[in-house]
Amino acid sequence: MEENYPLAKWLSGEMTEAELKEFQAQPDYAIYEKIKKHSSSLEAPAFDEATILTAVLNSPKKEVKTISLTQHWLFRVAAVLVIGLGLFFTYNNFSAATEFAENGNQKNFFLPDNSEVVLNSGSEIQYKKWNWDSNRTLDLEGEAYFKVAKGKKFEVNTALGKVTVLGTQFNVKQRDNRFDVTCYEGRVKVNYNQTQIVITKGMSVSFEDGKMMQLPEITTHNPEWLSHELSFYQEDLKAIVGEIERHFNVTLELKANNNNQLFTGVIPAKDINISLEILATTYHLKPIKVDTNKYILESLDAL
């Protein structure tokens, strides 16, 4: 579009007299005249730099508050508690659980699947709670009786052999170099070295020094030690002394010649005097009480 130079010259007052007459004769001149009249009365407000700067400097300042964590010991205590609880939770859920029965005591507890375990004196079990569903394994040192929850399975490992649960009630005993397993209900699979055998209700099996013994059929519904009786099958004097020590939490000092006589039978274990009297009669010993927790078993042949 062609630039309107005459309008610009008229607004700036640069028209000659002839040009002005010609421009005023145009039809739109009246409109141009009104625009020029009103625009001349418009003024831009003056910019007062000094006034604006004074207003900014004199405006009220908001106080900025800074909280120092070092001055607030509660924050530090809370942080320590949070970390401590986290470590406690991790330890209790991811570390191995240990159950232990001290000498002179038995301990009853339940596994995560509600299977019941009773530990005999001087026995220990370790297992992992946090991944029990995928790692149903227990490590046993000593003797324990298991009442397995219906439909549940797990393995019991000892230093001498392994027992695999097939839904049952059973007893496992590992002392020194002897490994005994007795089944009271259902059946269990027993692994000892390269030998594997499945035993059912009423059956017992024993391994000692690499040899397997098939024990006579049992008629009891649970281990005798739960009723404070000590049951032995072809066991030597040292093994019997060890069981009595654990059961009563005492020390028995054996002063006798080597006696290789094997004992089979049940010894009542509610009163230590009765237990020692039976042992002394069987092996020709004299029990001598030294103090509350110590006895000497001396051979009658040496007196």
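A: The part to look at is an open sheet of 3 strands, which run in the order E13-E16-E15 with mixed pairing; strands here are DSSP runs of at least two residues (E), helices are runs of at least four (H or I), and both are numbered from the N terminus. Two strands are said to pair if DSSP finds at least two bridges between them. This is a predicted model, in which local features need pLDDT of at least 70 and side-chain atom pairs count only at pLDDT 80 or more, while totals for chains, interfaces and linings use all residues. Residues are numbered from 1 along each chain as its sequence is written, and side-chain values use heavy atoms, with hydrogens and water left out.

At the edges of the sheet lie strand E13 (251–255) and strand E15 (285–291), each of which pairs on one side only. From one strand to the next, the twist averages 20 degrees; such angles run from 0 to 180 degrees between N-to-C directions, the axes being lines fitted to C-alpha atoms, for helices over the stretch in contact. Strand E16 (residues 294–299) pairs with E13 in the parallel sense, over 5 bridges, and leucine 297 in E16 has leucine 254 standing opposite. Helix H6 (residues 237–248) packs on this sheet and touches E13, E15 and E16, its direction making about 155 degrees with that of E13.

Another helix to follow here is H7, which has 12 residues and reaches 16 Å from its first C-alpha to its last, close to the 16 Å expected at 1.5 Å a residue (the expected span is 1.5 Å times one less than the number of residues). Its buried residues are Ile272, Ser275, Leu276, Leu279, Ala280 and Tyr283, where buried means under 20% relative accessible area, exposed means over 50% and partly exposed lies in between, with a 1.4 Å probe and protein chains only. Seen down the axis of H7, these buried residues fall within an arc of 130 degrees, so they line one face of the helix; the arc is that of the directions from the helix axis to the C-beta atoms. They pack against strand E12 (229–235), H6, E13, strand E14 (263–268), E15 and E16.

Leucine 276 counts as buried because its relative accessibility is 1%. Leaving aside neighbours within four places in sequence, leucine 276 is in contact with Ile244, Leu252, Pro287, Tyr295 and Leu297, contact meaning heavy atoms within 4.5 Å. Lysine 286 is 10 residues away from leucine 276 along the chain, and the C-alpha atoms of the two are separated by 8.8 Å.

The two ends of H7 can be described as well. At its start, a side-chain oxygen of aspartate 271 reaches to within 2.8 Å of the backbone nitrogen of asparagine 273, and this is a polar contact, a pair of N or O atoms within 3.5 Å in which, within protein, one must be able to donate a hydrogen and the other to accept it, residues adjacent in sequence counting only if both atoms are side-chain atoms. Just after H7 comes histidine 284 with a positive phi of about 55 degrees, although this residue is not a glycine. Histidine 284 is found in the loop between H7 and E15, and E15 leads back to the sheet as one of its edge strands.
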